[in-house]
Amino acid sequence: MAAVEIDRLTKKFGPVTAVNELTLHVPKGTVFGFLGRNGAGKTTTLRVLLGLAKPTAGDVRVLGRSIREDRSYLQRVGFLPDVPVFYNWMTAREYLRFAGELFGLGSAKLNRRIEELLELVGLHKEKNRIGGFSRGMKQRLGLAQALINDPEVVFLDEPTSALDPIGRKEVLDSINAFKDRVTVFFSSHILADVQRVCSRVAIIDRGELITEGDIAELRRKYGGRTVEIEVTEVPDDLVRKLGEVHWCERIEVRGNVLELGASEVEKAARGLPELLAETRVGIIRMESREPDLEEIFVKLVKPDGS
């Protein structure tokens, strides 16, 4: 059974269509990345999945339960919003106890769960009140709150946004620590974070599905190679000639380094030396690699949304 099944979900706000006939299948036990630009429809989809907004059309099932007919699944899921709100006068333990009591957890079980989760997110030694926490500490406490009821699926809405690099690393480390225990639905626009923790992703834009699959599968499907060349100089003539060949999909110049998106690797291997020779440019270093998730995203989601 899938953890989440979405079949032609549509959500409209008056004349505006926020989500348009979205279909997704999230297998149990996966860490599923839900990717899109700000305003792509990610948070609206999450709100529908959590029963916070009614779908205009389509069918949605979470843990086999239709969200239209049976809301009992909400006892079996966890949720971390993009900007979690806390009672700043509480300690972390007091806050988790409050959250656990809302789920009706017994005192002995709840005490064990609180200590287990604080250890998991690295806050077990923290005695201060939440008002003195950093943003990263609050996000990790939010993760613990989302897991307090031992859910089967946990929904995370932009869990690393607005964090500094250290805060992001701490949150991602926490997600890695529990991802084998629960299905994770990870909504984000930070592609490097998704690539670090997710095994499967879906990319949406303007409320519509662009693609879905395992990251390795998407690399093969939209692949080619990324070729990075360090050269003695980068004359305008070389950049112009590269822009004219059909196998070169993308050109990025960083000092004396060229990064090219090559759709046909064999033709690139033959054509590059010829172009460099024509423009009398020397090669210092050249290497190729599979495209990363960010490069796939940029290829599929155009700046104008087309």
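Is Thr 56 buried, exposed or partly exposed, and what is its relative accessible area? In this predicted model, local features are reported only at pLDDT of at least 70 and side-chain atom pairs only at pLDDT 80 or more, whereas totals for chains, interfaces and linings use all residues. Residues are numbered from 1 along each chain as its sequence is written, and side-chain values use heavy atoms, with hydrogens and water left out.

Thr 56 is partly exposed, with a relative accessible area of 42%; buried denotes under 20% relative accessible area, exposed over 50%, and partly exposed the range in between (1.4 Å probe, protein chains only). Thr 56 lies in the loop between helix H1 (42-49) and strand E4 (57-62). Helices (H or I, at least four residues) and strands (E, at least two) are taken as DSSP runs and numbered from the N terminus. With residues up to four places away in sequence not counted, Thr 56 touches Thr 10, Lys 11, Lys 12 and Arg 68, a contact being heavy atoms within 4.5 Å. Thr 56 and Asp 236, which are 180 residues apart in sequence, are separated by 52 Å from C-alpha to C-alpha. Helix H1 is largely enclosed by the rest of the structure, because 6 of its 8 residues are buried. The buried residues of H1 are Lys 42, Thr 44, Thr 45, Leu 46, Val 48 and Leu 49. Just after H1, Gly 51 adopts a positive phi of about 75°.

The protein chain as a whole contains 10 helices and 14 strands. Its C-alpha trace spans about 75 × 45 × 35 Å along the principal axes. Of the 306 residues in the protein chain, 48% are buried. Among contacts between residues at least 6 apart in sequence, 68% join residues at least 24 apart. The protein chain exposes about 14900 Å², of which carbon and sulfur atoms supply 49%; accessible areas come from the Shrake-Rupley method with a 1.4 Å probe, and for residues only the protein chains shown count as cover. The protein chain carries 46 positive and 46 negative side chains, and the centres of the two sets lie 6 Å apart. Lys and Arg count as positive and Asp and Glu as negative, with His and the chain ends not counted; each charge is placed at NZ of Lys, CZ of Arg, CG of Asp or CD of Glu.

Strand E13 (residues 257-262) is largely enclosed by the rest of the structure, because 6 of its 6 residues are buried. Both faces of E13 are covered, with Val 257, Glu 259 and Gly 261 buried on one side and Leu 258, Leu 260 and Ala 262 buried on the other. In a regular strand the side chains alternate between the two faces of the sheet. Strand E11 (residues 225-231) pairs with E13 in the antiparallel sense over 6 bridges, and Val 227 has Leu 260 as its bridge partner in E13. Strand E12 (residues 248-254) also runs antiparallel to E13 and is joined to it by 6 bridges, with Arg 250 opposite Gly 261. E12 and E13 form a hairpin with 2 residues between them, and Gly 255 in the turn has a positive phi of about 65°.

Positive phi values also occur at residues other than glycine. Most residues other than glycine have a negative phi. Glu 21, in strand E2 (residues 16-27), has a positive phi of about 50° and counts as exposed at 53% relative accessibility. Arg 280, in the loop between helix H9 (265-278) and strand E14 (283-289), has a positive phi of about 55° and is exposed, with a relative accessible area of 76%.

Note on methods: Two strands pair if DSSP finds at least two bridges between them.
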